[in-house]
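Biologist: Please take me through some features of this model. I would like the general idea of each, then the case at hand.

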Amino acid sequence: MIAALLPPRAATAELFHDVPEPLGLFPEEERVVAGAVAARRREFASVRACARRALGSLGLPPAPLLPGPRGAPRWPDGVVGSMTHCQGYRAAAVARRTDLVAIGCDAEPNAPLPSPDVLELISLPQERVWLRELAARRPGVSWDRLLFSAKESVYKTWFPLTGRPLDFDEAVITPDPSAGTFRAELLVPGPVVDGVRITAFDGRWRVGNGLVVTAIGLRPAQHTTSGPGPA
């Protein structure tokens, strides 16, 4: 699912199940989840199996992938990437930094958010307008969950560029239900990359297999666009 959401020079891998024992973790990774329950260890290992497969597509050898600040994965030098996992799905996307400036991806179950309080927390008033409209027009998509996923992808794109958190109310999401795209307008000053200030991220979304998946791939030559296409 994720490959269709990113430019061709991004390498991706996904699993719809967990890797079996032994988990294939490096000793450094084993220490990170040494005290975790079995399900968390399998999840941790499976998403890293995806990441190593994607890195292999770039011609890079397997290496430990350890959490950095705020849990963001630390990638090999010259590589950008993103990992995501939810029930029944694990995925990773990577690219050489010369091809993409940053990647953010997220997967969620295609099911409503657990409560109205959560929606209130993650959404802006203008987003709740289109949520109501699209929920009536296309009830097969959990638009509130898509909104949450898109904001997670925005955060994963933002954080490696800034080293700073981004709150849910600091970017406004507008989806295109026909094109399967979304635009995230930053409501705070964006990062400066190659002398250009980024004011928005553009991404893609897809619904299938009981999932909502979103992704952003920020190109060096097009700082505010990120759909599939020549990179």
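Biologist: Is N209 buried or exposed?

Modeller: Buried means under 20% relative accessible area, exposed over 50%, and partly exposed in between (1.4 Å probe, protein chains only). N209 has a relative accessible area of 62%, so N209 is exposed. N209 lies in the loop between β9 (200-208) and β10 (211-218); helices (H or I, at least four residues) and strands (E, at least two) are DSSP runs, numbered from the N terminus. Phi of N209 is near 55 degrees, a positive value in a residue other than glycine.

Biologist: What are the ground rules for these values?

Modeller: The model is predicted: local features need pLDDT of at least 70, side-chain atom pairs count only at pLDDT 80 or more, and totals for chains, interfaces and linings use all residues. Residues are numbered from 1 along each chain as its sequence is written, and side-chain values use heavy atoms, with hydrogens and water left out.

Biologist: Which phi value does D194 have?

Modeller: D194 has a positive phi of about 55 degrees although D194 is not a glycine. D194 sits in the loop between β7 (192-193) and β8 (196-197), and counts as exposed at 65% relative accessibility.

Biologist: Where is there a cis peptide bond?

Modeller: The cis peptide bond joins E21 and P22, with omega about -10 degrees. P22 belongs to the loop between β1 (11-15) and α1 (27-32).

Biologist: How many salt bridges does a search of the whole structure find?

Modeller: A salt bridge is a side-chain nitrogen of Lys or Arg within 4 Å of a carboxyl oxygen of Asp or Glu. The search finds 11. One of them pairs the side chains of D106 and K156 at 3.8 Å, N to O. D106 lies in strand β4 (residues 102-109) and K156 in helix α5 (residues 143-162), so this pair ties together parts that are 50 residues apart in sequence. D106 counts as buried at 4% relative accessibility, whereas K156 counts as partly exposed at 22%.

Biologist: What about E127 and K151?

Modeller: Their side chains meet in a salt bridge of 2.9 Å, N to O. The pair links distant parts of the chain, 24 residues apart, with E127 in helix α4 (residues 125-137) and K151 in helix α5. E127 and K151 are both buried.

Biologist: Which residues are joined with R183 in one network?

Modeller: The side chains of R183 and E185 meet in a salt bridge at 2.8 Å, N to O. Salt bridges that share partners join R183, E185 and D202 into one network. R183 is partly exposed at 28% relative accessible area, and E185 is partly exposed at 31%.

Biologist: How much space lies in the largest pocket?

Modeller: Rolling a probe the size of a water molecule over the atoms shows where empty space is left. On a 1 Å grid over the protein atoms alone, a pocket is an open set of points where a 1.4 Å probe fits, with protein on both sides within 12 Å along at least five of seven lines; lining residues have an atom within 4 Å of a point. Grid points are joined across faces, edges and corners, and a volume is the space filled by probe spheres set on the points. The largest pocket holds about 830 Å³. Its lining has 38 residues, of which G71, A72, P73, W75 and G81 lie nearest the centre.
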